[in-house]
Amino acid sequence: MFDNFKISRELLIELLKTPLEAADLLFNFANETKFRTIGNNVHIRGIIELSNICSKDCYYCGIRKSNPNFSRYEMSNEEVLELVQIAQNAGYTSIVLQSGEISNDTFSDKIENLIKSISKTTDSRMRLTLSLGEQSKDTYKRWFDAGANRYLLRIESSNPDLYYKIHPQNKKHNFENRLECLSYLKQIGYQVGTGVMIGLPFQTYEDLADDLLFMRDLDIDMCGMGPYLEHIDTPLFQYKDTLFKQDERLFLAQKMIAALRLIMPDINIAAATSLQAINPNGKLLAISSGGNIIMPNITPKKYREEYRIYDNKPMNNNLTNNFLDELVKDIHSINHEIVLSEWGDSFHFNK
Ligand code: 5AD
């Protein structure tokens with residue numbers, strides 16, 4: 001029944017407008033769909049933000065190139081390898097390497113070496129996801145051949161008009177190029193993830209419904225999407241009074257997760273960190289509305305403080321001895337199970 005579940009654009013728009021009183025119905029339906037297709041397992045990915053140097057100037061992002069109000073860092077491969085070792089000892093079996101967008105040969109070489117070293121030092125037991133922005137097809141291929149098998153590249157908004165309201169309109173910020181990158185990643189054989197920000201200035205329910213259809217049409221394997229959050233040093237900050245309140249954005253993000261689960265039952269859907277910036281329970285809320293992936297940030301504090309893509313980013317230490325134990329209990333309390341022994345590849349991809 002669920003494989004053939006068809007849902008129109010109009011119905012998606014209505015689902016996204018579901019009022020609070022009826023939302024449990026939607027969330028439970030999304031969860032039921034998840035249980036029937038991929039079960040109640042939750043997988044963990046530790047995020048390492050390896051550099052906040054960025055060549056882009058996205059209007060929403062705190063680490064945009066033109067923001068001079070913080071210091072820039074780039075972790076060395078040795079530092080990352082040491083962190084990966086600590087993460088492995090703490091029980092992590094899967095990590096995400098994320099960074100501001102740097103595209104040059106030095107960076108491509110450095111990441112290629114890093115991927116090889118991680119495979120070597122962890123005996124290929126650490127699953128690697130990359131979230132390193134737009135790169136050439138050749139770079140994507142080299143990183144894949146070196147041992148990375150998943151890539152996250154958010155489209156941010158699938159509506160080109162809205163895309164150019166939240167990005168400068170120039171060669172460096174090109175919607176078509178981003179689409180092309182997503183297509184390269186698929187061709188190369190990565191498990192491909194994308195996603196959008198929810199509650200952006202100028203964004204409509206229609207835009208969000210179209211974002212969901214975009215992800216379905218692109219046949220993605222993974223999704224990470226979360227509420228847009230203001231950052232005082234960015235151009236979009238001036239629209240702060242036009243936005244939904246933060247808790248409404250969180251609620252809308254939950255509905256996006258639920259709706260995506262209904263139209264793509266077997267993909268991996270992550271609880272974005274920005275949910276947690278609004279509500280400390282954000283990850284549990286995302287899992288109980290259809291998500292199945294949690295991505296704790298394991299970047300060392302001194303760097304994480306400089307990787308402020310939005311205001312009030314959570315600063316919890318997710319590498320303490322009992323962090324994963326506590327998470328296992330929390331997730332169990334909402335009838336899901338964390339499995340650290342499995343890599344948690346996207347069912348959709350494996351199919
Ligand atoms: N609010 C929410 N998410 C943001 N991102 C960047 N800036 C913000 C913000 N102000 C998201 C983008 C990017 C990801 C790494 O972080 O979607 O792809």
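Predicted model: local features only at pLDDT ≥ 70, side-chain atom pairs only at ≥ 80, totals over all residues.
Residues are numbered from 1 along each chain as its sequence is written. Local features need pLDDT of at least 70 and side-chain atom pairs pLDDT 80 or more, while totals for chains, interfaces and linings use all residues; side-chain values use heavy atoms, without hydrogens and water.

Helix α2 covers residues 20-37 (helices are DSSP runs of H or I, at least four residues, and strands runs of E, at least two, numbered from the N terminus). A23, L26, F27, A30, N31, T33 and K34 are buried in α2 (under 20% relative accessible area, with exposed over 50% and partly exposed in between, for a 1.4 Å probe and protein chains only). These residues lie on the same side of α2, because they cover an arc of only 155° around the axis (taken from the directions from the helix axis to the C-beta atoms). An α-helix has 3.6 residues a turn, so residues three or four places apart point the same way. The cover over this buried side includes α1, α9 and α11, whereas the face turned away carries the exposed E21, D24, L25 and R36. Just after α2, G39 takes a positive phi of about 90°.

Elsewhere, M126 sits in the loop between α4 and β4. M126 counts as buried because its relative accessibility is 7%. Beyond its neighbours within four places in sequence, M126 is in contact (heavy atoms within 4.5 Å) with residues including V84, Y92, I95 and I118.

Technical notes: Expected span 1.5 Å × (residues − 1).
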